[in-house]
Amino acid sequence: MTLTIASLSAGYGRTTVLHDVTITDIPSGAFVGLIGPNAAGKSTLFKTIAGLITPTNGTLTIAGEDVTHLGRKDRAKRVAYMPQAYGCNALLSVFESVLLALKQTTGWRVNDDNLDRVSDTLHALGLSHLANRGVADLSGGQAQMVAVAQTIVRAPDVILLDEPTSALDLHHQLSILTSIRNEMDRKKPVVMAALHDLNLAAKFCDRLVLLRDGAILADGKPEHILALPQIEETYRVLTDLERTQRNVLYVDARLA
Amino acid sequence: MTLEVDPTAIRHDYVARVSRRYGVIAAVFGLLCLSFLLDITTGPGGYSLSTVSEVLFDPMSHGARLKVIVWDYRLPVAVTAVLVGALLAVAGAQMQTILNNPLAEPFTLGVSAAASFGASLAIVLGFSVIPAVGPLLVTVNAFVFALCTCGFILLATRLKGVGSETMILFGIAIFFTFSALLALMQYMASEDQIARIVFWMMGSLSRASWEKIGLGTILLCFAIPFSLYRTWPMTALRMGEATAQSMGVDVGRLRVEMLICISLLAATAVSFVGTVGFVGLVGPHIARMLVGEDQRYFVPLSAMVGALVLSLTSLISKTITPGIIYPIGIITSLIGVPIFISIILSSRRERLQ
């Protein structure tokens, strides 16, 4: 199962945001980090892959099957997209909110398998203790973890996470990304995450794609990408790339 | 911080919560049946429950007079109360969900005001929107105007950049426009016509008839499966539009489909009984407090609470002063609002049940 994005162009109305984006052969079980400054087109790329925006050009292929024009519901079975965090005031428990995400594509009746999947997902993400809490009563970070649970529970081929760590403290940043990695080891989906923290990207991703002004500047292994001069240029900073004792990449950035 | 909680325990909690909800729904249904029975046994003349129930099963058992009282008068009124309460509450519940606003209901969105104007147009000018409807002139006019208002709201949701707050403002604008037009009609009307308009606007169950009940029942039988089929997307919508969309819900299409359904429900209810504010608000709010917002339980319970509220109102309207039946529109607002406010204040914050 691989995901291929071939010369994809898309936008809103007459404004084209993505220009000829190509990311080839992302194998199942790969964690791709999408990096780039604000307004680089990261969310637009995710929305286009998720089918919320119809591309003006290009194709999307999952496991050799062209899904470019697959309908909303069929697409949702293959691709799960987590938009950037928004609060909500619904009177629903965390358990129910994860269940409803699963039920969008699994028929009307709630069966035992559905309930098992919801409790397993909450357990895997360390959210079991929140199961009976109301979604409106969650902190920003907890809400973000629940949003990740809503995405993972659907067991899709492709998981798209738009800034999954933006509202999280350090512990939860690591814990959520570790849980996602563990989940990937079990079910082997393709995971793409838009990340602002280059160090987190270096630590967790197998591959990084640098996006700027809706076009791809670079695509490759983290140690390769982070060492490129385009990083300094794109982010308008000076960087030094170091390796820690445990051979983890560390990007030291400062203003130019 | 990761607390270890047994995964089977949270599953049990959910299953327990679901069965508690069925319990609540059964209890409200019980209360509704009780209220309905009291409603048909209450009225000028005061026959006992056993006499009335005998007439229900065998119309002629106590003579023609009692048959007329029970079958042609009390029963249509009691059934209409239940039916209209359910229609208004379901319409309110779903408006609140698709517009993401707890204030949305047929009354606040100007549907009732439009219906009143339609009715007054028929009463004062004898003008009919649909020709040759005969005695149903007032009802049909009210229905058409209510439906057109819902159509306007529907069109407005299709405009780009119109959020749910704008929708409510739009509803308030409609409300004021039709109130002004209504005042104009009253200014032009004769004393007798003014009396009829005012009486229509007060909301009354005395306009009940078996034909209307049949029509309303058919509509409800269509609307309930229609909305049950869409319960999961509708519940997802409560998580926010962006989230629902990311889960594969076509939010734009869902809004249009549901608004069409709601329009029919609201227009029918309002044209049957006139202006009855507040039931479309209180039904969903009490239901939400009792079972939360999983639409599988929320929508049916809203219907039942709405039906119960209007059925109790019908009962109260007959018992305050023996021999006088007050218009229900007055009762729902006068007695209902203080009760509603006390419910809201007693549970300051809506807690998940």
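Analyst: Two strands pair if DSSP finds at least two bridges between them; strands (E, at least two residues) and helices (H or I, at least four) are DSSP runs, numbered from the N terminus. This is a predicted model, in which local features need pLDDT of at least 70 and side-chain atom pairs count only at pLDDT 80 or more, while totals for chains, interfaces and linings use all residues. Residues are numbered from 1 along each chain as its sequence is written, chains are lettered from A and ligands numbered from 1 in the order in which they are written, and side-chain values use heavy atoms, with hydrogens and water left out.

User: What is the strand order of the open sheet of six strands in chain A?

Analyst: The order is S6-S7-S8-S3-S9-S10 (chain A), and the pairing is mixed. Its edge strands are S6 (79-82) and S10 (215-220) of chain A, each pairing on one side only. Within it, S3(A) and strand S8 (residues 190-194) of chain A pair in the parallel sense over four bridges, and Phe31(A) has Val191(A) as its bridge partner in S8(A).

User: Where does Pro37(A) lie, in which loop of chain A?

Analyst: Pro37(A) sits in the loop between strand S3 (31-35) and helix H1 (42-50) of chain A. With a relative accessible area of 21%, Pro37(A) is partly exposed, a class between buried (under 20%) and exposed (over 50%), found with a 1.4 Å probe on protein chains only. Apart from neighbours within four places in sequence, Pro37(A) is in contact with Lys42(A), Leu211(A), Thr234(A) and Tyr235(A), contact being heavy atoms within 4.5 Å.

User: Which side chain of opposite charge is nearest to Arg17(B)?

Analyst: Lys and Arg count as positive and Asp and Glu as negative, with His and the chain ends not counted. Arg17(B), in helix H1 (residues 7-41) of chain B, is buried, and the nearest such side chain is Glu96(A), 4.3 Å away. Arg17(B) has no salt bridge, a term for a side-chain nitrogen of Lys or Arg within 4 Å of a carboxyl oxygen of Asp or Glu.
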